[in-house]
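Please read each numbered point with the structure open.

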Amino acid sequence: MNDTGTGTGASASSAVPTKSKFTAANVLEAIAILHGVGIEAPRRRAADQFLTEFQKSDAAVLVGLRLLAASPEELSGPLHPAALGQLAAAARRRMQRGSVPGASDPAETLRLAMILMDRDARTAKLMVNAAVAQWLHGGGIPTETLLHEACHAQGAALQVTLAALVALPEETNSRDVKLTQDARAQALLELSSVTPRVLTALSSGDSAANATGLRLAAATSWCMCCDLGQEAVAVLAASPLLAQAGESLARGPPDSSIASEFLEVLLDRSGSLLPCPEQLINSLLRVLSSIHPAGDVERGQLCSLVSTAVNSWRGIFVVASQAPPDAWVSLLEALVACCSWGCFAASATLSTWLALKEHAVKVGAIAQYAPVLASAVRALRSAAAFPSDYADRSLDYQEELIKYRRELRDALRALVTEPEERRAFVEELRGDVLGRLCGPWEPLEEAIHALSTPAAAICRTVGIPGCNVSGGAAAATVLEVLS
């Protein structure tokens, strides 16, 4: 083949050979035809059919890996860019289905991944997943080697090791990896038994400061897919990974996305662990309190994390017979503070406040939580005010604010349900309206908007006729009664 990258060489002018299917030359030719420019539709369809059959065969591994390992000189030119991912994905899918007679061992597949890491990281990770599938299909998981490499490897070897640790729980749980029910259960049991050692290795050794993103991704994978026993929880509570996640979140993209996912998984899972993982919860609270996000993206991620923490832990901390612990109160205050970052952040907290109110009522703890819920209502309202430069803001912002105001109207009805709550709420709004009459229109409009939402219910509560009037008219009637 003269040019595997363009599909315009002499051999590409003929139909895809079928006499001796799945030779390296035939596979490369089919890829070149499929991705070439100006190729007739029948030839492209034939190439697609050929490659579909190739991907289902053992040749996807035997030929595909040989092509991926070949140098440009051996191929008379570099592989077509699409060929790298296509060959690697085909090999991975075939290895997921079972062992391939004559295939290289998993260690050789990982060595190929290391070679590919500098050329194309995505292709290299597909090869890592393929090696993991080989382990699961009888090659045996080299736990000790992985733990040692996670602590001491450098460069591409470290990246491949950490990628393998990311993939191992995922592939074990994936239904694409064709394991018997007993084999899968045994593999998951084996992974759960070494989870504490893996989490320790991810934050120790000579290379602990390198590849933070991959280390957090690996920890996320293990925490999400494996059972977290008391030993694993104790390791996490003292792990430097928590502080690294906080620092990564504060730095912003791309590190913040991985860090946010790691913390989200821990916050979510910690609420259902028994016994209550107090040390882990305290460690997570310290991490959340240490984060000072700089941009809107990071602020949104922090608000989401605080919301997840409240949702996860309310069953632990909201108890009728005892006052809320100081750390829990601080977390709720942080959730209130999120609303000061605008409608995007406030919107992310709405469902959390509604769930907290519902749970507090259910367990008979509403009296203890009335003050913080009142603070939340005020903070949520403040995020609904039109900014003075509203007309100059982006269309996305304008649409989000309008959407948030609609959502807030429904939320206020749910947060202010009891007659006494409504009376206190309207009294506060009355003071806001009267105090804002001589100022800018935006704060005044916010108070009237908030007052209009429970107006009909207020009319019914105090026995005012004419409750079918518009929200604005009802609000005016209520103010008249109260004045």
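1. A residue is called buried under 20% relative accessible area, exposed over 50% and partly exposed in between, with a 1.4 Å probe and protein chains only. Cys343 has 1% relative accessibility and therefore counts as buried. Cys338, at 2% relative accessibility, counts as buried because of the same cut-off. A disulfide is taken to be a pair of cysteine sulfur atoms within 2.5 Å, and by this rule the count comes to 0 disulfides.

2. Basis of the values. The model is predicted: local features need pLDDT of at least 70 and side-chain atom pairs count only at pLDDT 80 or more, whereas totals for chains, interfaces and linings use all residues. Residues are numbered from 1 along each chain as its sequence is written, and side-chain values use heavy atoms, with hydrogens and water left out.

3. Aromatic pairs. A pair of aromatic rings is described by the distance of the centres and the angle of the planes. Rings of Phe, Tyr and Trp (for Trp, the six-membered ring) pair if their centres lie within 6.5 Å; planes under 30 degrees apart are stacked, those over 60 are edge-to-face and the rest are tilted. A search of the whole structure finds 7 aromatic pairs. In one of them, the rings of Phe22 and Phe50 have centres 5.4 Å apart and planes at 50°, so this pair is tilted. Helices (H or I, at least four residues) and strands (E, at least two) are DSSP runs, numbered from the N terminus. Phe22 lies in the segment before α1 (24–35) and Phe50 in helix α2 (residues 41–55), so the pair ties together parts that are 28 residues apart in sequence.

4. The cluster around Phe22. Phe22 also forms a tilted aromatic pair with Phe54, at 5.8 Å centre to centre and 50° between the planes. Because Phe54 lies in helix α2 and Phe22 in the segment before α1, this pair ties together parts that are 32 residues apart in sequence. Phe22, Phe50 and Phe54 form one aromatic cluster. Phe22 counts as buried because its relative accessibility is 18%, and Phe54 counts as buried because its value is 2%. Phe50 is buried as well.

5. A charge over a ring. The charged end of Arg393 sits over the ring of Tyr397, 4.5 Å from the ring centre. The rule asks for NZ of Lys or CZ of Arg within 6 Å of the ring centre and within 35 degrees of the ring normal.

6. The cavity. On a 1 Å grid over the protein atoms alone, a cavity is a set of points where a 1.4 Å probe fits but cannot get out; a pocket is an open set with protein on both sides within 12 Å along at least five of seven lines, and lining residues have an atom within 4 Å of a point. Grid points are joined across faces, edges and corners, and a volume is the space filled by probe spheres set on the points. The whole structure has 1 cavity of 30 Å³ or more, and the largest cavity holds about 40 Å³ of space. Its lining includes Ile141, Leu165, Leu191 and Trp222. Two or more lining residues come from each of α8 (143–152), α9 (155–173) and α10 (181–201), and α10 gives the most, with 3 residues. By class, the lining has 8 nonpolar, 1 polar and no charged residues. Here Ala, Val, Leu, Ile, Met, Phe, Trp, Tyr, Cys and Pro count as nonpolar, Asp, Glu, Lys and Arg as charged, and the others, Gly among them, as polar.

7. The largest pocket. About 280 Å³ of space lies in the largest pocket. Of its 16 lining residues, Ala107, Leu110, Trp135, Pro142 and Thr145 are the closest to its centre. At least two lining residues each come from α6 (106–117), α7 (121–139), α8 and α9, with α6 giving the most, 5 residues. The lining divides into 9 nonpolar, 4 polar and 3 charged residues.

8. Backbone features to inspect. Most residues other than glycine have a negative phi, and most peptide bonds are trans. A cis peptide bond joins Pro253 and Pro254, with omega about 0°; Pro254 lies in the loop between α13 (240–251) and α14 (255–270). The bond from Leu274 to Pro275 is also cis, with omega near -5°, and Pro275 lies in the loop between α14 and α15 (278–290). Phe22 has a positive phi, near 65°. Ala211 has a positive phi near 55° and lies in the loop between α10 and α11 (212–225); at 30% relative accessibility, Ala211 counts as partly exposed.
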